[in-house]
Structures are given as structure tokens and as C-alpha cells.
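I opened my notebook for another look at this model. Here is what I looked up, in the order I went.

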Amino acid sequence: MSLNCFAFAQYPRFLIEGAAQGTSYQLQYYAPRELIRKAEIDSVLRVIDRSMSLYEPTSLISAFNNPETLSWFEMDEHMTNVVKRSFEVHKRSGGMFDITVKPLVSLWGFGPKRPKQMPERADIDSALQFVGMDRLELRKRKLRKRDGRISIDLNGIAQGYSVDVLAGFMERRGIENYIIELGGEIRTSGHKGGGEPFNVAIERPEGVAASPFILALRDKAVTTSGSYRRAFDFEGKKIHHHINPFDGYPLQNDTASVTVIAETAMDADAYDNVFMALTPEEGIRLADRLKGIEVYIIHRKDGTFKEVFSKGFLKFIKN
């Protein structure tokens, strides 16, 4: 996805860019004067990293994932918010969204290290013994695992949550009109000028259409995920990061890409994983049942790409 914003009619536009969470971020807002600085944004994101980054050995999530952590674990506000929402999405997705897949994610090479060889069935079966959110217990701000070998990975939802935290930070500073992008997770508020909504271009793989379409968004979040992202070839096979928590293998279906519009970036981030795991028909049925969730799905059929939309998605496409 790419941002397409123009000058605000009444207030000047302010732009903040930087790097965080292994990717880049960009904030654009409109205000009578500069209200926030890059150092403040970086500070907010560092706090989130200290909570949920798997790459931070001293983070809270790293402490929870320590095999010796067996008693009730006290989480901070950030980790509590994300874990609580993860349980809710897990239930609504029939278990397809599962934060305990970390052993499988690492086994398939989507942790800090790439695998030297493809996992054996025995290795996958071994890892599956410690996958399943029924192996976790949540009690307010405390989390407990039933076996020290259970570990969690919040990467499928935490980056979207980070965008929501930045949105809350900006709103507390009195900023009403903004667009935030972090690693492809986008959230908008208000408008960009003259009452116009923000424009977000959605990529469409070659064969679907000659050009992307534009979403006109106001007070919404959006993200796109695809099987062609975060993937690598191993011995002639395409391996991508969406892991099936039931059988332990990277998902194998005809869904190539999903774009999710939601009220929050956390929900958009979480549900793009869910829709990638479902068939297009299952995905559309789920989106039409969920309040505030819309989805656009690109899938392969008979050697070509096809498109399907949930009931409310089309109203966001700019004419």
C-alpha cells in the first residue's frame, strides 16, 4: 500500500518519518503548529518494543517465553491489551488466529534465523504439542502457560496495535486529522483538507487489473497481507509466514492477498492473518458476520487471479 495525501486547506501539513520494529513509519498530520516531535514517537515505539518485541531479550514477552516462567506472569498495559484481543480473535476465527504458534514460526525459519533444512514431520509434531491457546490462562493482567515449552508470538497483531497507540498519542495532543503508516499498517482520522478523506492505494497483482484502486478512508484502519510477502524459496518450494496452527505447515490455499478495513489497526492486522488462512468463500462469510470488518480478497482460480469483496468494502473505493 502507498499513501497519497495532499495539502490541508486550513492548516499546514507536518510529516514525521523514521524506522522502528524492523520497518519504517510515517506520520502525517494537520495542525496550526508543530505539536509532536520525532523523538516522542520513537520513545512511544521503544516502550512497545520493551513489552512485545521478540528481538529484545529483555522484553516482557521474552521473559514470558523463558521456559522457567511457569507461574502467573504480570503483563504491562500494552501486552495485556494485545493478548486480550488475541483471545477474542482466536475465538471468532475458530482457532485459526493463535499466538502460541511461535515454535512453528521458528521451525519454519521466520524467527531471527533461517532454517538449514526443511522441518521433518516429527519436528512439526513435536512443536504442535505446545501450540494452542487452550494452553494459556488469562486473568486480568496476568498470563500463565501450562508448560514451560509454550511460547507466544504477537507479531501478527502487535504492529497494528502500535499504530493505534500512536493514534491515541496524537489525539491526546489535540491532533484530529492524521494518517499513520507503520510497516504497511495504516490508520486515518478526520480528513486531509477541504473535507476530503485520505487516499490509500491498494496494490493488485498482475493479471487482476492494470492499476491499483484507491480507498477513500476517514476514521478507519487498513492493511494488506499476501502469500507473496515475507516468503522465501527453499529447495524449490515457496514458504510463507502464515502457519496453520492445526497441522503445523505453512498455509496452502488459493488466497493470494487480502486487504482488511477495520475500526482499529490492531483488528485489521489480526484479521488479515485470519482471512489469509480461509478460503475466499469462508473469508467473505466471516467478514459479513463481523461488525466493522470489511475485506477484499485476491485468489487464484483456474490459473488466473480473481477478486471478491465483502458487502461493505466497495463503498470505500474512490470513484
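**Hairpin and its neighbours**

I began at the hairpin of β2 and β3, which has two residues between the strands, and there Q21 takes a positive phi near 55 degrees. A note to myself: this is a predicted model, so local features need pLDDT of at least 70 and side-chain atom pairs count only at pLDDT 80 or more, while totals for chains, interfaces and linings use all residues. Residues are numbered from 1 along each chain as its sequence is written, and side-chain values use heavy atoms, with hydrogens and water left out.

Next I checked the pairing (DSSP must find at least two bridges between two strands). Strands are DSSP runs of E, at least two residues, and helices are runs of H or I, at least four, numbered from the N terminus. β2 (residues 13-20) runs antiparallel to β3, with eight bridges; R13 has Y30 as its partner in β3.

On to β7 (residues 177-182): six bridges join it to β3, again antiparallel. Here Y30 partners N177.

How many residues of β3 (residues 23-30) are buried? I found six of its eight, where buried means under 20% relative accessible area with a 1.4 Å probe, protein chains only.

**Helix pair**

I then turned to α1 (residues 38-52) and α3 (residues 77-92), which pack at about 65 degrees with axes 8 Å apart. The axes are lines fitted to C-alpha atoms over the stretch in contact, and angles run from 0 to 180 degrees between N-to-C directions.

For the contact (heavy atoms within 4.5 Å), I listed V47, I48, S51 and M52 in α1 against H78, M79 and V82 in α3. I counted five nonpolar, two polar and no charged residues there, with Val, Ile and Met among the nonpolar types.

How values were computed:
Buried means under 20% relative accessible area, exposed over 50%, partly exposed in between (1.4 Å probe, protein chains only).
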